[in-house]
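Reader: I would like to learn how to read cavities and ring contacts in a model. Could you walk me through one?
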Amino acid sequence: MKVLRLVRSAACACVLGVAGVAATGAAHAADAPRERLTVADPYLEVHTGPGRGYPVFHVVERADWVEIELRRTDWFKIRTSDGKVGWVVRQQLERTLTEAGGQKTFRDVALDDYLKRKLEMGAGYGRFKKEPMLKLWMGYRLSDTMTLEGTIGQVQGVFSGTDLWHFNLNTEPWSHKRWSPYFGIGVGKFKNIPNQSLVGAQLTNVNLANGTIGLRYYLTERFVVRADYTFYTAFLSETRYGEYRAVTAGLSFFF
């Protein structure tokens, strides 16, 4: 049990570290130089939001310049020379000129974006001890091969229901490949709630540890398919524990 407490403390430390890294990254992003483009078309339409459903509130004239601040799929947040901020569709920005005088080009959201991902969310379905299982997860990429991931799961059995959550530290040695195996270990909580019709059955709420092996496949744009096999150990008492196996598959997206 002391080992389990140490692992949980380490997981908490990782969470704090992630927050620090995210804050530092945001500060550097704010200081990064923005790309300046010159309008070559008769005008450039600026929308209030990233989509054609948002109204056009400003028009940038030919020979004026804009700065790119942010990209969201095929929409770009820009700042005009007079300080107005709005969104422009990619097709219009492709007809602008760089400071060197060349036509501006943009890379598609593709495998390179996947390799640079930081946050990922997903959902999956499978079997936990031969019972149907649903689970949700969210991960933060600490490095090219290491991810901190939080998972919640629910199992609805014939005689009881089970809720569980855990934090995992996953390693992905070949993260630059389209097919990529990964491995993880983690700790969390296991709660089993028996049906009210069962006489004498008691609720179980104990600590949980797990080991995972899985396989990911980069599908397209921002979507990833993955499947995993997880071995759970629930510490029912000081001298007794339960072992469970789960197989799940699901879809996640990154941003």
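Author: Cavities come first: on a 1 Å grid over the protein atoms alone, a cavity is a set of points where a 1.4 Å probe fits but cannot get out, and its lining residues have an atom within 4 Å of a point. Grid points are joined across faces, edges and corners, and the volume is the space filled by probe spheres set on the points. The second largest cavity here has a volume of about 70 Å³.
This is a predicted model, where local features need pLDDT of at least 70 and side-chain atom pairs pLDDT 80 or more, while totals for chains, interfaces and linings use all residues. Residues are numbered from 1 along each chain as its sequence is written, and side-chain values use heavy atoms, leaving out hydrogens and water.

Reader: Which residues line the second largest cavity?

Author: Among them are Lys135, Glu149, His166, Tyr182, Arg226 and Asp228. By class, this lining has 1 nonpolar, 6 polar and 4 charged residues; Ala, Val, Leu, Ile, Met, Phe, Trp, Tyr, Cys and Pro count as nonpolar, Asp, Glu, Lys and Arg as charged, and the others, Gly among them, as polar.

Reader: And how much space lies in the largest cavity?

Author: About 140 Å³. Of the 15 residues lining the largest cavity, Arg117, Glu120, Thr147, Glu149 and Arg216 are the closest to its centre. That lining divides into 4 nonpolar, 3 polar and 8 charged residues.

Reader: How should I read aromatic pairs?

Author: A pair of aromatic rings is described by the distance of the centres and the angle of the planes. Rings of Phe, Tyr and Trp (its six-membered ring) pair if their centres lie within 6.5 Å; planes under 30 degrees apart count as stacked, over 60 as edge-to-face and the rest as tilted. By this rule the count is 5 aromatic pairs. Trp165 and Phe167 have ring centres 5.9 Å apart and planes at 75 degrees, so they are edge-to-face. For Trp179 and Tyr217 the centres are 4.5 Å apart and the planes at 40 degrees, so that pair is tilted.

Reader: Is Trp179 buried or exposed?

Author: Trp179 counts as exposed, at 53% relative accessibility, whereas Tyr217 is partly exposed at 23%. Buried means under 20% relative accessible area, exposed over 50%, and partly exposed in between (1.4 Å probe, protein chains only).

Reader: Which ring has the charged end of Arg226 over it?

Author: That of Trp137, with the charged end 4.0 Å from the ring centre. The rule asks for NZ of Lys or CZ of Arg within 6 Å of the ring centre and within 35 degrees of the ring normal.

Key:
1 Å grid on protein atoms, 1.4 Å probe; cavity = no way out; pocket = protein on both sides within 12 Å on 5 of 7 lines; lining within 4 Å.
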